[in-house]
Amino acid sequence: MTPTPTHPAAAAGAVEKDNKRITTGWTFYDWANSVYPLVITSSIFPIYWGAQAVDAQGRDVVNFLGYTLPGSSLLTYAISAAFLIIALVSPFLTSLADYSGRKKLFLQIFCYLGAASCAALYFFTKDTLTLSTFIFISATVGFSGSIVFYNSYLPIISSEEKFDSLSARGFSMGYIGSVLLLVICLGIIMGPHIAGGPEGVALFGMSTGMATRLSFLLTGIWWVGFAQIPFFTLPPDTGRPADAPVSEDGWLLNGFRELGKVWDQLKQLPNLKRFLLAYFTYNMGVQTVMYVATIFGDKVLKLDSTSLIVTILLLQIVGILGAWLFAKLSERIGNTRALSWAVFIWMLICVAGYYVQKGWSFFALAAVIGLTMGAVQSLSRSTYSKIIPENTPNTAAYFSFFDVVEKLGIVIGTLSFGLIGQITGSMRNSILSLIVFFILGLAFLLSLRGKKLREDSLGPVAVPGPPPASAAAEMGAPMTR
């Protein structure tokens with residue numbers, strides 16, 4: 001149904017909330033892009049990286065731009081660099097998207113950048129390690145940059161009571177789609193060997209190395225191909241209204257001005273600030289574990305490729321269940337309490353990760369990680385959507401803060417993980433150190449208990465003068481089924 005206008009932005013024409021065509025199309029971007037974090041950051045790429053980022057004797061040592069360092073640390077540093085870049089540029093880009101009314105355009109730009117870079121990893125070999133590291137950074141920037149624009153659609157297309165279920169549905173779609181492509185890639189890479197063929201030979205007589213690189217190409221094609229569904233169904237960009245006032249400072253400073261308005265509003269939203277602090281700290285640990293789990297299993301536990309892939313599949317399958325279970329739990333006990341339980345479990349995961357050994361204990365730990373991994377991501381997104389001011393026209397700017405908080409957390413988390421592992425010589429110490437982030441995150445979450453998450457009023461800056469020029473573009477034209 002169409003919401004009753006309660007904000008000046010609504011006068012510009014609101015999108016029909018809970019429109020099945022729009023919400024289903026929105027979830028397909030999870031289906032499209034989730035192959036990147038699964039195939040590239042979590043499973044096949046880290047294993048392939050571990051085989052390529054070694055010296056002539058097969059040791060975990062590489063030369064990168066004249067520096068000698070562990071190959072595993074280089075991977076975490078590359079992840080840190082990618083998220084630092086996106087943390088620096090996304091506030092400007094998202095505020096510009098709000099101001100110009102071209103949110104979908106920016107979503108498409110980052111999607112195409114990420115998918116093209118992902119496909120270019122097909123050329124990754126030992127001889128192209130340095131160039132491929134930068135391509136990997138570019139792919140990660142494309143992936144993470146598109147997510148902030150994707151997430152910002154949630155409060156626009158969904159009613160608040162359906163935030164949790166729609167967010168969980170999106171993550172579930174992502175898990176299912178990514179597992180499907182992973183199975184296809186594994187069939188190409190390992191199918192002949194599993195069927196009794198010689199080791200090192202993939203489908204159609206290809207080497208496993210070439211088949212692995214082909215999986216990177218397929219990931220990029222899958223991503224950009226299925227992304228056309230949300231691009232077609234999401235509300236179109238209407239652009240900046242022709243009669244909107246033009247500032248003497250032009251687009252550039254106006255983009256920052258829109259971001260400044262959100263910053264001023266945050267000063268009057270203590271619950272939102274507390275949640276962002278909580279998210280910054282606990283997500284720092286969650287994301288770091290997700291990005292380093294495979295390389296930890298490869299370098300520390302010496303697991304074979306088959307065991308690692310089975311583990312990743314287990315994570316995805318259990319993740320679907322976890323996202324659904326915690327969505328139901330949040331309906332019974334509230335979002336912050338459900339998140340608190342998930343973060344507490346992550347604290348136990350850090351301790352268990354320090355002692356885990358090859359075998360059943362590793363698979364058990366992976367199952368618990370999977371159960372809470374999707375839950376934390378899904379609930380965090382929907383909780384934030386519930387806390388930001390209702391009917392705000394500049395959701396992309398608000399979600400840019402959410403995105404910056406997440407990305408800076410990943411920068412600090414992966415950087416500290418790599419440094420601790422490099423200094424102490426053991427990634428087990430790095431895993432254990434992450435517990436500090438979860439303790440801080442839990443403390444901030446507990447400070448929200450018993451509080452109404454969304455403040456009733458923002459005060460005088462809640463509706464600053466006339467509706468922002470981006471209002472009509474943000475809300476889009478009404479869609480029909």
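Buried here means under 20% relative accessible area, exposed means over 50%, and partly exposed is in between, with a 1.4 Å probe and protein chains only. By that cut-off Glu-406, at 14% relative accessibility, is buried.

Some ground rules. This is a predicted model, in which local features need pLDDT of at least 70 and side-chain atom pairs count only at pLDDT 80 or more, while totals for chains, interfaces and linings use all residues. Residues are numbered from 1 along each chain as its sequence is written, and side-chain values use heavy atoms, with hydrogens and water left out.

Charges, then. Side chains of opposite charge can pair when their charged atoms come close. I call it a salt bridge when a side-chain nitrogen of Lys or Arg is within 4 Å of a carboxyl oxygen of Asp or Glu. How many salt bridges does the structure hold? There are two. Glu-406 pairs with Lys-407, with 2.4 Å from N to O. Lys-407 is buried as well, with a relative accessible area of 2%. The other bridge joins Asp-55 to Arg-59, where the closest N and O atoms are 2.6 Å apart. Asp-55 has 15% relative accessibility, so it counts as buried.

Next, aromatic rings. Rings of Phe, Tyr and Trp (for Trp, its six-membered ring) pair if their centres lie within 6.5 Å; planes under 30 degrees apart are stacked, over 60 edge-to-face, and the rest tilted. The whole structure gives 29 aromatic pairs. One of them is Phe-45 with Phe-136, stacked at 5.0 Å centre to centre with 15° between the planes. Phe-45 is in helix α3 (residues 44–52) and Phe-136 in helix α6 (residues 129–151), so this pair ties together parts 91 residues apart in sequence. Helices here are DSSP runs of H or I with at least four residues, strands are runs of E with at least two, and both are numbered from the N terminus. Phe-45 is buried at 1%, and Phe-136 is buried, also with a value of 1%.

Tyr-354 and Tyr-355 have ring centres 5.0 Å apart and planes at 85°, so that pair is edge-to-face. Tyr-354 is partly exposed at 28%, and Tyr-355 is exposed at 57%.

Phe-45 and Phe-136 also belong to one aromatic cluster with Tyr-48, Trp-49, Phe-124 and Phe-216.

A charge sits over a ring if NZ of Lys or CZ of Arg is within 6 Å of the ring centre and within 35 degrees of the ring normal. Lys-103 does this over Tyr-153, at 4.7 Å from the ring centre. Arg-213 does it over Tyr-122, at 5.0 Å.

Both Arg-213 and Phe-216 are among the buried residues of helix α9. That helix, residues 208–226, has 19 residues and reaches 27 Å from first C-alpha to last, close to the 27 Å expected, the expected span being 1.5 Å times one less than the number of residues. Leaving out residues up to four places away in sequence, Thr-219 touches Val-35, Tyr-36, Val-39, Ile-40, Cys-118 and Leu-181, contact meaning heavy atoms within 4.5 Å.
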